[in-house]
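Thanks for coming. I will keep this short and stay with what can be read from the coordinates.

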Amino acid sequence: MLSVMFAYEIAENIRQGKGSVLDVVTKALTRAKAVQEKHNAFITICEAEALARAKALDERLARGEVLGPLGGVPVVVKDNICTKGVRTTAASRILENFVPPYSATVVERLEHAGAILIAKSNLDEFGMGSSNENSAFGPTSNAWDESRIAGGSSGGSAVAVATGVVPLALGTDTGGSVRQPAALNGILGFKPTYGRLSRYGVIAYASSLDQVGILARNAKDIALAMNAMGGQDLHDATSLVDEPKFVEAVSKTGDLKGWKIGLIRELCSEGNSQGVQDALQQMCQKLEDLGAEIREISLPHVPYAIASYYIVAPAEASSNLARYDGILYGHREGENSLGQAKSMMKSRGVGFGPEVRRRILIGSYALSAGYYDAYYGKALKVRRLIANDFKEAFKEIDVLLSPTAPHSAFKIGEKSADPLAMYLEDIDTVAANLVGIGGISIPAGFSEGMPCGVQFLAPVMADERLLELAAILNQEIEVAQPWLS
């Protein structure tokens, strides 16, 4: 069925006239509706818009025009990435009816390459969560087990890919929010170096950490998307001057002879389930069989990454989310007679969910005059020490290796009452965002009967190396077993 093919296969079939864009999109929409009933993976399904665009692309083909490298490929975009004319909520009641007048740069560039948006995916509100349970529109369940979490915050995008709705989906990764749900649903999750993809049009959570990422079932599809979306964007001052060469990287074949891979000592032992540790050892054996040299590397300050992250991220969030006041921007609650202060308090109290309010409070406290140096200032110093650890490690090795998450997907509701336990779900992934380097989660089998993954990290601007590695490992992932029929 075309809708569960890889993106490069769909685009090639369309180019060769082996199917219509309308047929591909219709099948993807049918599958999206079925997945929505079981998993609540989407906030908005863009049926009318997707069908209209599919017909327009078929008309262009009939005129002999050549579509882009992703011509006819259906995609899903996380609902904190702006899409012109399509509701964008960030899974929050405060933006429940927001329809952007413009699209994010990454969306514009995907569409220019011929991709078709079919749905906006569910997420933890404003990207704040590790389980996709914090959405104002209800939790998303795992592609393999409806009783378990999808992972967060890009859980909806991960489930859309893992169930074969689309071959490609966009997410955002602030502390592991692409890589972690990818691991828990058994697919690839890629976060490039900070700045390689524009953040223009992405609803901000923590601006120095946020990065658009890609979820897919093989490295070639990610490469096509990166080549299409990458490069400097004048709307985003943090975007990098870049000539993406991802497609060239994944075309390489062979073994891993000469590769030096560092196993991060501080992330590979206690705290991980036995199943995850077993999967990591199996991956190490596979890498050695392909000729790679595995050596243990110490990053002494990495254990402090989770503490640093949960000061830096909430601090930036408290600033970014101040704009949602119910007066000029965002959902408004209460009558004018309440006055400005009470109206703002009521609007924010109703519009923001518990986790968002918690992080705003943490961030405001960390930035307050009496505690700035003790908390936020110190967290930034730790962030620099962690960056120095990575810089030293990459002098010796090509990529770093660790588990993506400490265990497989847990039951929905199991950790909802324990925020600290939930925050520790990010222990393996937050360091990459603090440092700004690229990372990819690759499926590594199963732990406790559910998918788990390992992550590889590369130096700044060496992201092609990660996709080359994924391609050599021959990671072409099938859709989740329950959806094969």
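Predicted model: local features only at pLDDT ≥ 70, side-chain atom pairs only at ≥ 80, totals over all residues.

Let me start with the cores. The largest nonpolar core has 99 residues, and Leu70, Ile118, Leu287 and Phe456 are those with the most contacts inside it. Helix H7, residues 219–229, gives the largest share of this core, with eight residues. There is also a second, separate core of 47 residues, which includes Ala90, Ala315, Ile360 and Val382.

What is Ile118 in contact with, leaving aside its neighbours within four places in sequence? The list includes Val25, Ala28, Leu29 and Ala32, then Ile45, Cys46 and Ala50. As a general remark, in soluble globular proteins nonpolar side chains tend to be buried together.

Next, the helix pair. Helix H12 covers residues 354–367 and helix H13 covers residues 372–393. They pack at an angle of about 105°, with their axes 7 Å apart. The range for roughly perpendicular is 65 to 115 degrees, so H12 and H13 are roughly perpendicular to each other. On the H12 side the residues are Tyr365, Ala366 and Leu367, and they meet Tyr372, Tyr375 and Tyr376 in H13. By class, this contact has six nonpolar residues, no polar ones and no charged ones.

Now the cysteines. How many disulfides does the count come to? It comes to zero. The cut-off for a pair of sulfur atoms is 2.5 Å. For Cys46, the closest cysteine sulfur is in Cys82, 13 Å away, and therefore too far for a bond.

Last, the backbone. The peptide bond from Gly152 to Ser153 is cis, with omega near 0°. Ser153 is in the loop between strand E3, 116–121, and helix H5, 155–162.

Phe126 is in the loop between E3 and H5. Its phi is near 55°, a positive value in a residue other than glycine. Is Phe126 buried or exposed? Phe126 is buried, at 2% relative accessibility.

Ala90, from the second core, has phi near 55°, again positive in a non-glycine residue. Ala90 sits in the loop between strand E2, 74–78, and helix H4, 105–112, and is buried with a relative accessible area of 0%.

Technical notes:
Residues numbered from 1 in each chain as written. Heavy atoms only, no water. Core = buried A, V, L, I, M, F, W, Y, C linked by side-chain atoms within 4.5 Å. Buried < 20%, exposed > 50% of the residue type's maximum accessible area, 1.4 Å probe, protein only. Helix = DSSP H or I, 4+ residues; strand = E, 2+ residues; numbered from the N terminus. Contact = heavy atoms within 4.5 Å. Axes fitted to C-alpha atoms, helices over the stretch in contact; angles between N-to-C directions. Parallel < 35°, antiparallel > 145°, perpendicular 65-115°, else oblique. Nonpolar A, V, L, I, M, F, W, Y, C, P; charged D, E, K, R; others polar.
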